[in-house]
Amino acid sequence: MLSTLYQVLLIVAPLITAPYVSRVLGPENTGIYSATYSIEMYFSLFAALGTASYGAREISRNRYDERMRSRLFWEIELLTILTSAVCLAVWGVFIVMTPEYRMCYIVLTMNLLNAMFDISWFYKGLEQFSYTVRQNTIFKLLGIVLLFVVVRDRGDLIPYIALMSGTSLLGTMSMWIYLPKFLVRVDRREFRVLRHFRETLVYFIPTIATSVYTYLDKTLIFVITKNTAENGYYEQATKIVNLVKSVTFTSLNAVLEVRTSYLYTEKKYDEIKRLIHDSMDYIFFMGIACCLGLVGIAHRFVPFFFGEEYYEVIPMLQLLSPVVVIIGISNCLGSQYYTPAGYRKKSAGYIVTGSVVNLCMNLLLIPRFGGTGAIFGTLIAETVITVLYMANCNGYLTVKQLILLSWKKLIAGLVMCPAVYWVGTVIGSAAVSVVLQILAGAAVYILVLVILRDSFIFVFAKGKILPKIAGKLGKKRN
């Protein structure tokens, strides 16, 4: 229950804070934060390496052996402290050599300390999620309250960065309070810290590859265009798309990954294929609606949500919206086929390929098109990754299935999109317009799917898809 509430908070919080922050800080300051944060994140990624995934796996394997899990905890954490210390030293040199936005970088040092002391992987391995969720919830709520108190005008960029970084660090440090419940004393002479280095690198490769088009886009926009406002526009477009992704598939696939891992151990391959099929039906239902809904609503939603200074976000958001569906396919296969089936290395190879494509496209397109060029690069790279995932998934998901599951939803979305746009042109009030556009879009989309007798609508109406998934998850818990 607490975990569900936290996931809801992660979705609702930006809807509360983003309109306020975008107006108070403006596009330039928003872009400065986006760019400097993206640069700092490379240091944090190298500081943590792959300990988040690797550490959780090792603790999970030894959860019932108090002595071994205690030894593993200290070995992995000491390795993280060692790599973080190296990164902090390099970060310090970078700050000294970079006078522009130096104070931003100094404050962002808290994020590196956060990477150093983040032990959420330990509780994840023990499946003690309440300890991480509770602490993160408390400090996230505190951050939201303080945001409206501390950040009041465009001169408050540094306090804003300090607040964002500081609350995250406090949440991380508070997790250490509960460690004595789970650890026993271990002889330090038994520690073999460096033996974990190679394994953490294996987990680190897909992480750094993914970050190429998560953070490098923003860095390259900043470095190439020298226009912080462009970063601000791109930041807001990606923020909305990321929210839509979390609603469409991120949470669903994260949960079902556990279920499919169990099914692979039981060799229930037909059931896995049905689960992937049902998941894709849901992802297309939500993804196509959100994708074409964003296209239709953007011209009224963006100035209403972010403010009048962000009109440049409108075409960016419309162009970026297809990524919801494209990534939805690859994320489903990654979570429900490649990772549970033990093909993580193969999956990492596809991600690396996509990252290289994205980097090349960014270097080619950003100098000419700015943030819009980065969006084209993302779309091309994500399409490459999805094609590679589809071509090598051993029939767990076929092109024919994708067509059969999506074509009616695509027709419904294409009918919905102009209807949503039209509603936005005839309603004067922005707030009323956005609400009516969402309601009208949902009504038209579902009505067309009913007329076309779409599979998801009728199976969902009979209560077969979501109850079936919930039932399987319930059995797993029992």
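## Helices α6 and α7

In this predicted model, helix α6 meets helix α7 through Gln135, Phe139, Gly143, Leu146, Leu147 and Val150 on the α6 side, and through Pro159, Tyr160, Leu163, Thr167, Leu170, Gly171 and Ser174 on the α7 side. Sorted by class, the residues of this contact are eight nonpolar and five polar, with no charged residues.

Helix α6 covers residues 129–150 and helix α7 covers residues 157–174. The two pack at an angle of about 160°, and their axes are 9 Å apart. Because angles over 145 degrees count as roughly antiparallel, α6 is roughly antiparallel to α7. The crossing of α6 past α7 is right-handed.

## Helices α9 and α14

A second pair is formed by helix α9 (residues 216–225) and helix α14 (residues 344–369), which pack at an angle of about 30° with their axes 10 Å apart. Angles under 35 degrees count as roughly parallel, so α9 and α14 are roughly parallel to each other. In this pair, α9 passes α14 in a right-handed crossing.

From α9, the residues that make the contact are Leu216, Asp217, Leu220, Ile221, Ile224 and Thr225. From α14, they are Asn358, Leu359, Asn362, Leu363, Ile366 and Pro367. The contact of α9 with α14 has eight nonpolar residues, three polar and one charged.

## The nonpolar cores

The largest nonpolar core holds 82 residues. Within this core, the residues that touch the most other members are Met280, Phe284, Val302, Leu333, Tyr337, Leu397 and Tyr445. The element that gives the most to this core is helix α11 (residues 269–305), with 19 residues.

Another core, of 25 residues, lies apart from the largest one. Its members include Leu25, Ala47, Cys104 and Val107.

## Leucine 333

Leucine 333 belongs to helix α13, which runs over residues 323–338. Is leucine 333 buried or exposed? Its relative accessibility is 0%, and because buried means under 20%, leucine 333 counts as buried.

Which residues does leucine 333 contact, leaving aside its neighbours within four places in sequence? They are Tyr338, Tyr389, Met390, Cys393 and Leu397. One of these, tyrosine 389, is 56 residues from leucine 333 along the chain, while the C-alpha atoms of the two are separated by 7.0 Å. Another, Leu397, is listed together with Leu333 among the residues that touch the most other members of the largest nonpolar core.

Key. Residues numbered from 1 in each chain as written. Predicted model: local features only at pLDDT ≥ 70, side-chain atom pairs only at ≥ 80, totals over all residues. Heavy atoms only, no water. Core = buried A, V, L, I, M, F, W, Y, C linked by side-chain atoms within 4.5 Å. Buried < 20%, exposed > 50% of the residue type's maximum accessible area, 1.4 Å probe, protein only. Helix = DSSP H or I, 4+ residues; strand = E, 2+ residues; numbered from the N terminus. Axes fitted to C-alpha atoms, helices over the stretch in contact; angles between N-to-C directions. Parallel < 35°, antiparallel > 145°, perpendicular 65-115°, else oblique. Left-handed = near helix turned anticlockwise from the far one by under 90°. Contact = heavy atoms within 4.5 Å. Nonpolar A, V, L, I, M, F, W, Y, C, P; charged D, E, K, R; others polar.
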